[in-house]
Amino acid sequence: MCARYVFFSGRSFGDEFGVVAVPDLQPRYNIAPTQIVPAVIQTEKSREVMLFQWGLVPSWAKDPTIGSRLINAKAETLAEKPAFRTAFKRRRCLIPADGFYEWKGEKGAKQPFFISCKHHPFAFAGLWEYWEGVEGVLQTCTIITTNANGLVQEVHDRMPVILAPDEYDIWMDHAIAPARLEPLLDPFPEKEMTMHPVGKMVGNPRVDDPSLIEAVATGGLFGEAP
DNA sequence: CCAGACGTTGTT
DNA sequence: GTCTGG
DNA sequence: CCAGACGTTGTT
DNA sequence: GTCTGG
């Protein structure tokens with residue numbers, strides 16, 4: 001899955017993502033569900049960055065707190081699930097990131113790992129949704145997950161879908177045939193990724209500083225590379 | 001027909 | 001909004 | 001994912 | 001133990 005991630009590159013991702021105006025974004029090292037995150041969407045004329053609450057709330061939801069449990073959407077079932085299928089057809093987005101965290105081990109003794117791509121920032125494949133209720137208006141998003149590749153498999157069986165730059169145009173094309181989207185949801189190549197254990201402080205969502213992504217020693221436990 | 005669900009992950 | 005279950 | 005709350009009544 | 005919030 002993907003329940004915490006990192007995005008510290010701020011404005012600098014605009015060129016690569018084909019976005020003209022990028023808001024000033026603070027570097028983040030511990031983005032948690034329900035927080036406000038930037039995502040790139042395709043309008044009729046251009047690509048724009050908009051801010052979304054992480055955790056998709058379907059337009060028909062009576063209780064918007066369901067969003068806190070819909071932080072990920074499974075790639076294999078996106079097209080069928082009522083909560084996601086409309087967004088999959090019409091509201092795909094790119095969610096910029098510099099890495100993400102996964103945990104390995106038993107409850108109470110979990111070791112967090114920071115996982116990144118050799119070329120970053122990069123983009124998660126995401127969906128977004130619009131919701132309106134008595135509580136107000138919400139624009140929310142979710143990160144699509146797929147099977148872990150060989151590297152990430154060491155700590156977890158799922159990982160976020162990461163798109164290569166040459167896939168952005170297809171992903172953002174509103175007229176594309178769904179069959180052409182499926183190959184984009186495959187696991188990102190492990191040879192283009194890196195992973196190392198980090199301190200347990202990342203578990204606290206109120207902590208957010210650069211030291212969170214620094215490697216720590218684990219005494220050879222958890223099976224990471226020496 | 002109406003009522004009720006609609007989701008992912010990890011853990012048990 | 002749309003499908004499933006009763 | 002983890003952290004933190006989780007409640008009612010009566011009194012000020 | 002289980003739900004909510006971040």
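**Entry 1: the sheet**

What is the order of the strands in the open sheet of 5 strands? I began with this point, working throughout from a predicted model. I read the order as β2-β1-β7-β8-β13, and the pairing is antiparallel. At the edges I found β2 (28-31) and β13 (193-197), each of which pairs on one side only. For the twist from one strand to the next I noted an average of 25°.

Strand β1, residues 5-7, and strand β7, residues 99-104, are joined in the antiparallel sense over 2 bridges. For Val 6 I located the bridge partner in β7, and this partner is Gly 99. As background I recorded that strands of a sheet pair through backbone hydrogen bonds.

**Entry 2: DNA strand B**

How many residues surround DNA strand B? I counted 17, and the closest are Arg 69, Pro 82, Lys 110, Thr 145 and His 156.

I next asked which part of the DNA faces the protein. Of the atoms of DNA strand B within 4 Å of the protein, 67% belong to sugar or phosphate, and the rest belong to bases.

- The side chain of Lys 110 has an N or O atom 2.5 Å from a phosphate oxygen of DNA strand B.
- For Thr 77, a side-chain N or O atom is 3.0 Å from a phosphate oxygen of DNA strand B.
- Arg 158 places a polar side-chain atom 3.5 Å from a phosphate oxygen of DNA strand B.

**Entry 3: DNA strand D**

I turned to DNA strand D and listed the residues that surround it: Met 1, Ala 3, Arg 4, Trp 103, Lys 110, Gly 203, Asn 204, Pro 205 and Arg 206. I noted that Lys 110 is in this list and is also among the closest residues to DNA strand B. The residues of the surface near DNA strand D divide into 4 nonpolar, 2 polar and 3 charged.

For the atoms of DNA strand D within 4 Å of the protein, I recorded 79% as sugar or phosphate and the rest as bases. Which residue has a side-chain N or O atom 2.9 Å from a base oxygen of DNA strand D? I found this to be Arg 4. For Gly 203 I noted a backbone N or O atom 3.0 Å from a sugar or linking oxygen of DNA strand D.

I also looked up Met 1, whose place is in the segment before β1. I classed Met 1 as partly exposed because its relative accessibility is 36%.

**Entry 4: cysteines**

How many disulfides does the structure hold? I found 0. I checked two cysteines for the reason.

The sulfur of Cys 2 is 11 Å from the closest cysteine sulfur, that of Cys 141, so the distance is too far for a bond. The sulfur of Cys 93 has its closest cysteine sulfur in Cys 141 as well, at 5.7 Å, and this too is too far for a bond.

Are these cysteines buried or exposed? I recorded Cys 2 as buried, at 0% relative accessibility, and Cys 93 as buried, with a relative accessible area of 0%.

Notes:
Residues numbered from 1 in each chain as written. Chains lettered and ligands numbered in written order. Predicted model: local features only at pLDDT ≥ 70, side-chain atom pairs only at ≥ 80, totals over all residues. Heavy atoms only, no water. Near = heavy atom within 4 Å. Polar contact = N/O pair within 3.5 Å; in protein donor to acceptor, adjacent residues only side chain to side chain. Pairing = 2+ DSSP bridges. Helix = DSSP H or I, 4+ residues; strand = E, 2+ residues; numbered from the N terminus. Axes fitted to C-alpha atoms, helices over the stretch in contact; angles between N-to-C directions. Nonpolar A, V, L, I, M, F, W, Y, C, P; charged D, E, K, R; others polar. Disulfide = S-S within 2.5 Å. Buried < 20%, exposed > 50% of the residue type's maximum accessible area, 1.4 Å probe, protein only.
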